[in-house]
Amino acid sequence: MRFLTAGESHGPQLTAIIEGLPSQLPLGKADIDPWLRKRQGGYGRGRRMVIETDEAQIMSGVRAGRTTGAPVTLVIANKDHRNWTEIMSPEEGGEPRKKALTDARPGHADLAGGIKYRHKDLRDVLERASARETAARVAVGSVALKLLGELGVQGANHVVSLGGIETKGGFDWNALEAIEESDLRTADADAAAQMRERIDAAKTAGDTLGGILEVRFRGLPVGLGSYAHYDRKLDGRIAQVCMSLQAMKGVEIGRAFDQARIPGSSVHDAVRYATDSGGGYTRDTNRAGGLEAGMTNGEELIVRVAMKPIATLMTPLPTVNVVTHEASDAARERSDTTAVPAAGVILQTIIGWVLADAMLEKFGGDTLPELQERVAAARAYEKAY
Ligand SMILES: Cc1cc2nc3c(=O)[nH]c(=O)nc-3n(C[C@H](O)[C@H](O)[C@H](O)COP(=O)(O)O)c2cc1C
Ligand SMILES: C=C(O[C@@H]1CC(C(=O)O)=C[C@@H](OP(=O)(O)O)[C@H]1O)C(=O)O
């Protein structure tokens with residue numbers, strides 16, 4: 001499978017085209033829109049999220065609630081565009097240049113992007129660098145999650161820490177409802193209350209906060225990805241999509257950074273075979289986070305990602321005006337104080353894409369029923385092996 005997205009933050013719409021989906025996959029707005037709404041949520045987001053109520057229009061590739069095998073086109077309107085029609089107009093004219101953004105924000109794409117594409121109005125950079133683009137990626141990823149669901153794979157995401165406040169108790173699949181109900185995507189209500197206070201304080205100070213997200217998937221068959229070549233290794237492919245998400249600066253599988261400090265006997269997962277309960281391999285622990293040698297090993301996939309604090313500061317850092325070269329304060333654009341909870345939602349959907357793609361690679365199939373048959377056969381083989 002492959003996909004492309006297009007669209008600017010304040011342009012008319014975001015567009016995504018997915019190619020290579022099997023036919024006969026039940027698919028409708030109801031599979032996509034809840035993910036778009038979740039991505040907009042979370043305590044600490046800015047006023048843009050009040051303007052937008054994201055929903056996807058399915059423009060091709062689906063008829064009567066099922067994929068046909070043709071490319072699927074998804075469109076998400078930017079409601080805010082009506083306030084930016086002149087500034088964003090593709091026509092040549094004065095308006096965009098009059099309001100040029102020239103005070104490059106440290107931590108954002110502005111300066112390097114301006115030099116790279118030779119823009120002096122840094123809006124030409126930020127419009128596409130903006131994480132608004134992630135609405136399109138989430139729409140695409142939600143389709144992947146739908147496919148995974150049909151193949152018996154379930155995902156989850158939660159906030160591990162935000163602004164230095166750690167959640168306690170780890171992750172529990174039984175706590176999914178509490179996570180979904182929390183505006184900080186954690187079942188730890190005490191930590192959430194502290195996070196809210198810290199976000200309020202950061203906002204008052206004109207500052208911003210980052211955090212750590214965890215994404216999990218269970219029900220994955222053994223052997224997605226491969227050890228045979230670097231670009232087929234699933235850990236590398238997962239890290240790529242995570243790192244390509246705006247503001248993500250670190251990825252670990254399992255608890256890799258802690259494990260780097262302790263001996264192997266406390267890191268690797270002992271193997272058993274369950275002769276008494278219908279067969280199948282089990283592990284005493286899952287410290288590897290479900291991946292060995294670039295392949296799923298049948299255990300739960302655990303990915304953790306570090307998000308840096310938002311770059312746009314209302315109490316700005318010193319910068320330089322790229323037209324006059326004079327010292328100035330970094331541009332103050334409307335902005336989020338934190339987007340950590342939203343990032344968990346995005347990460348789950350985009351990792352879901354990698355997993356769905358790896359499923360299709362291993363099992364093939366032009367249609368969902370063929371894929372389902374092959375996955376079922378692989379699961380039986382895994383147990384008996
Ligand atoms: C959901 C989400 C929302 C974001 N909102 C903002 C924002 O309001 N203001 C901002 O400066 N950066 C925001 N960012 C981060 C920037 O887009 C990002 O830092 C920038 O594109 C530079 O890329 P890099 O941080 O990956 O180096 C957001 C990121 C995500 C994932
Ligand atoms: C629009 C979204 O996020 C935006 C991401 C973003 C950035 O610089 O990345 C900057 C802000 O843009 P605006 O100035 O329009 O409020 C965020 O709101 C979104 O997530 O849908």
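The shell around ligand 2 divides into two nonpolar, five polar and six charged residues. Here Ala, Val, Leu, Ile, Met, Phe, Trp, Tyr, Cys and Pro count as nonpolar, Asp, Glu, Lys and Arg as charged, and the others, Gly among them, as polar. Of the 13 residues around ligand 2, Arg-48, Ser-130, Ala-131, Arg-132 and Arg-334 come nearest; to be near, a residue needs its C-beta atom, placed from the backbone, within 6 Å of the molecule.

A quick word on the ground rules: this is a predicted model, where local features need pLDDT of at least 70 and side-chain atom pairs count only at pLDDT 80 or more, while totals for chains, interfaces and linings use all residues. Residues are numbered from 1 along each chain as its sequence is written, and chains are lettered from A and ligands numbered from 1 in the order in which they are written.

Now for ligand 1. It has 20 residues around it, with Ala-131, Gln-246, Thr-312, Asp-336 and Ala-339 the closest. That shell splits into 11 nonpolar, seven polar and two charged residues. Helix α11 (residues 340–363) supplies the largest share, three residues. Helices (H or I, at least four residues) and strands (E, at least two) are DSSP runs, numbered from the N terminus.

What about α11 itself? Of its 24 residues, 20 are buried, so α11 is largely enclosed by the rest of the structure. Buried means that 20 or more other C-beta atoms lie within 10 Å of a residue's own, exposed means 12 or fewer, and partly exposed is in between, with C-beta atoms placed from the backbone. Helix α6 (residues 134–150) tells a similar story: 15 of its 17 residues are buried, so α6 too is largely enclosed by the rest of the structure. Here are the two side by side, where the expected span is 1.5 Å times one less than the number of residues.

| Helix | Residues | End-to-end C-alpha span | Expected span |
|---|---|---|---|
| α11 | 24 residues | 34 Å | 34 Å |

After α11 comes Gly-364, with a positive phi near 60°. Gly-152 follows α6, and its phi is positive as well, near 80°.

α11 also meets helix α1 (residues 29–40): their axes come within 7 Å and cross at roughly 145°. Trp-35, Lys-38 and Arg-39 of α1 touch Ala-342, Val-345, Ile-346 and Thr-349 of α11, contact meaning C-beta atoms, placed from the backbone, within 7 Å. Axes are lines fitted to C-alpha atoms, for helices over the stretch in contact, and angles run from 0 to 180 degrees between N-to-C directions.

On to the sheet. Four strands make an open, antiparallel sheet in the order β1-β2-β6-β3; strands pair if DSSP finds at least two bridges between them. β1 and β3 (56–60) are the edge strands, each pairing on one side only. α1 packs on this sheet, touching β3 and β6, and α6 lies across β1, β2, β3 and β6, at about 35° to β2.

Five bridges join β1 (residues 2–6) to β2, with Phe-3 partnered by Ile-18 and Leu-4 by Ile-17. The two strands form a hairpin with six residues between them, and Gly-7 in the turn has a positive phi of about 130°. β2 is joined to β6 (residues 72–77) by six bridges.

Methods:
Two residues are in contact if their C-beta atoms, placed from the backbone, lie within 7 Å.
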